[in-house]
Amino acid sequence: MARLLVLRAAPYRHSSHLCAATLLVLSPSQHRHFASFPSSPPTAARRILPSPLRVPIRAVESSPGPTKEEKEPSPAADEAQEPPTPAASAFDVEELGWGNQLAVKLRMLVAPPWQRVRKGSVLNMKLRGEISDQLKTRFSSGLSLPQICENFVKAAYDPRISGIYLHIEPLRCGWGKVDEIRRHIVDFKKSGKFVVGYMPVCGEKEYYLACACGELYAPPSAYVALFGLTVQQTFLRGVLEKVGIEPEIQRIGKYKSAGDQLARKSMSNEVREMLATLLDNIYGNWLDMISSTHGKKREEIEEFINSGVYQVARLKEEGWITDLMYDDEVMAMLKERVGQKDKKSLRTVDYSKYSRVSKRTLGLQGGEQIAIIRASGSITRTRSPLSAPSSGIIAEQLIEKIRTVRESEKYKAVILRIDSPGGDALASDLMWREIRLLANSKPVVASMSDVAASGGYYMAMAAPVIVAEKLTLTGSIGVVTGKFCLQKLYERIDFNKEILSKGRYAELSAADQRPLRPDEAELFEKSAQNAYVLFRDKAAMSRSMSVDKMEIVAQGRVWSGQDAFSRGLVDSVGGLSQALAIAKQKANIPKDKKIQLVEISKPSPTLPELLSGIGSSLLGVDRAVKGALQDVSSLSGVQARMDGILFENLGEMSGANQLSMLIKDIISYFD
């Protein structure tokens with residue numbers, strides 16, 4: 001993420017996972033209002049090339065939410081108050097002094113070759129597949145959300161960049177990340193430079209992002225599937241029974257769906273209610289955003305979708321896209337727009353190269369330092385021998401980072417950026433403690449990405465202020481533990497296992513050749529219940545709620561960010577820029593002062609990472625399978641974990657990926 005250049009924010013007002021089912025959905029997020037797309041491509045005469053003397057100032061959306069003292073969150077779902085509508089962010093333009101202009105020009109002249117960009121270039125970024133919330137090295141595969149967003153900010157300031165050409169392909173990430181990118185597209189447009197989108201495959205999520213562009217094009221043969229959204233849950237209890245495996249699952253919380261995939265044959269009423277609410281939030285928000293984009297009623301948009309939109313020509317007819325053009329035609333149009341007269345192809349710089357352009361080169365380095373600690377993936381307490389570099393949240397490593405920041409005087413505040421469905425309950429609690437200690441020494445703000453649920457929420461609730469996107473998945477305050485009884489399977493394959501033990505409950509975890517005795521089952525349940533009570537009570541204390549109120553919103557229920565706000569589980573609705581504005585105010589940094597966002601433990605290329613990347617490319621090893629092996633070696637004890645809710649279309653996943661995800665969910669139950 002880029003350090004904010006000049007922040008102009010409205011005053012902040014403080015308002016108030018065991019893996020199981022694979023749930024799938026498609027959709028959008030925060031309300032923003034834009035003009036409908038033009039019906040034909042603009043001509044070269046309409047191009048906008050901003051003066052290098054005027055620089056856009058990245059602004060921050062302000063939270064409209066009332067203070068905690070002004071509004072007590074309603075605990076009951078039927079009494080929940082309306083979620084906040086995020087305020088539109090202001091976007092200012094500031095004249096640079098001649099000294100700063102000269103310094104930037106000199107730094108560009110002496111920049112190393114990998115940071116040089118020809119004047120009049122177009123930043124060409126392709127958004128597809130998975131998007132990580134972590135920084136990536138040049139040796140890492142995939143896209144990085146911080147680098148994508150930073151590229152938008154740098155391009156807005158960079159006088160060498162005329163505009164952005166954005167290729168949007170099928171995305172496999174949550175709506176929190178989509179909202180963050182969309183916000184940067186909107187802010188970039190206010191710089192006066194163009195941002196043109198190209199969308200060969202159109203689903204709900206892709207269109208939600210693409211319609212933020214000033215112009216949107218698609219090839220005449222584009223795949224279109226705007227049919228609505230679904231949520232799915234799969235169950236394996238019947239399959240396991242047929243092979244002689246009996247799952248013994250203890251889940252605490254009537255909405256805690258982790259474990260249902262193994263323990264049940266159908267969806268419980270409580271889980272059905274929870275998923276239906278999440279689906280309503282996502283789909284309703286998608287309809288509202290599209291209707292405001294096109295200046296139409298929500299009912300009109302819904303009627304259009306219900307007609308079954310599969311022809312790209314219909315999108316053109318209804319004004320949902322600018323025109324039907326092939327990629328080469330769009331690039332030729334952009335070449336004319338930027339005034340490139342030679343016969344060469346459009347002068348572009350790609351995502352990878354532009355990510356290496358230093359912020360300092362553009363005069364964006366300086367000011368008070370705010371640290372950002374990123375925590376992404378499943379939570380484990382220690383590193384497993386099978387752990388890949390930067391895989392998941394390893395508590396002992398994150399604690400070291402937290403302590404380093406706490407002991408340093410140079411960081412005025414801390415952003416804890418969380419993108420995690422949870423994991424080991426003990427590890428979550430140990431990190432909770434360290435975050436609390438950190439918050440005693442300097443301002444700490446938790447910023448949620450796609451998901452911060454169960455163990456992920458456990459971490460976040462240690463921060464005095466929590467910021468979530470409208471469609472972040474959060475909450476899931478509950479725990480799950482389980483084991484398998486393999487007695488029937490062993491009998492079928494003529495396998496025998498004998499155990500000698502001392503102590504009444506010594507075989508509680510070791511004996512898988514027989515079911516639990518009644519007294520063992522009782523102890524098993526009490527252990528899980530104890531972990532839940534500790535989690536719930538700490539959540540109540542951290543959020544200044546009574547235990548009774550917290551129990552109503554806990555019970556393992558997953559909430560959207562907007563619903564979590566109305567129930568007091570988070571303090572503000574917004575993205576990373578919102579969290580930065582709050583941290584800046586809490587650190588008493590004047591509004592007109594720049595801040596520098598410092599990434600803690602920036603990634604560096606390591607030999608294991610290089611070998612891992614090469615091996616994956618050459619052998620085609622699926623990351624999900626490697627993740628399953630890692631989970632097998634690390635999962636043990638009680639889990640504070642949300643089940644695998646994935647905001648993507650199952651139809652876009654290969655059969656191999658679906659199977660590997662299923663295998664991972666099954667294997668992760670073996671401790």
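This is a predicted model: local features need pLDDT of at least 70, side-chain atom pairs count only at pLDDT 80 or more; totals for chains, interfaces and linings use all residues.

Student: Is Cys149 buried or exposed?
Tutor: Buried, because its relative accessibility is 0%. Cys173 is buried too, with a relative accessible area of 7%.

Student: New topic. Which residues form a nonpolar patch on the surface?
Tutor: Leu102, Leu106 and Leu109. Together they have about 310 Å² of accessible area.

Student: Where is Leu106 found?
Tutor: In helix 1, which covers residues 98–109. Leu106 counts as partly exposed, at 46% relative accessibility.

Student: On to charges. How many salt bridges turn up in the whole structure?
Tutor: The search finds 38. Side chains of opposite charge can pair when their charged atoms come close.

Student: What does Arg504 form a salt bridge with?
Tutor: Asp519, with the closest N and O atoms 3.0 Å apart. The pair links distant parts of the chain, 15 residues apart. Arg504 sits in the loop between helix 15 (487–492) and helix 16 (518–542), and Asp519 is in helix 16.

Student: Is Arg504 buried or exposed?
Tutor: Exposed, with a relative accessible area of 57%. Asp519 counts as buried, at 17%.

Student: And which side chain meets Asp260 in a salt bridge?
Tutor: That of Arg251, at 2.7 Å, N to O. Asp260 counts as buried at 2% relative accessibility. Arg251 is partly exposed at 25%.

Key: Residues are numbered from 1 along each chain as its sequence is written. Side-chain values use heavy atoms; hydrogens and water are left out. Buried means under 20% relative accessible area, exposed over 50%, partly exposed in between (1.4 Å probe, protein chains only). Patches are made of residues with over 30% relative accessible area and no salt bridge: like charges are joined within 9 Å, nonpolar side chains (Val, Leu, Ile, Met, Phe, Trp, Tyr) within 5 Å. Accessible areas come from the Shrake-Rupley method with a 1.4 Å probe; for residues, only the protein chains shown count as cover. A salt bridge is a side-chain nitrogen of Lys or Arg within 4 Å of a carboxyl oxygen of Asp or Glu. Helices (H or I, at least four residues) and strands (E, at least two) are DSSP runs, numbered from the N terminus.
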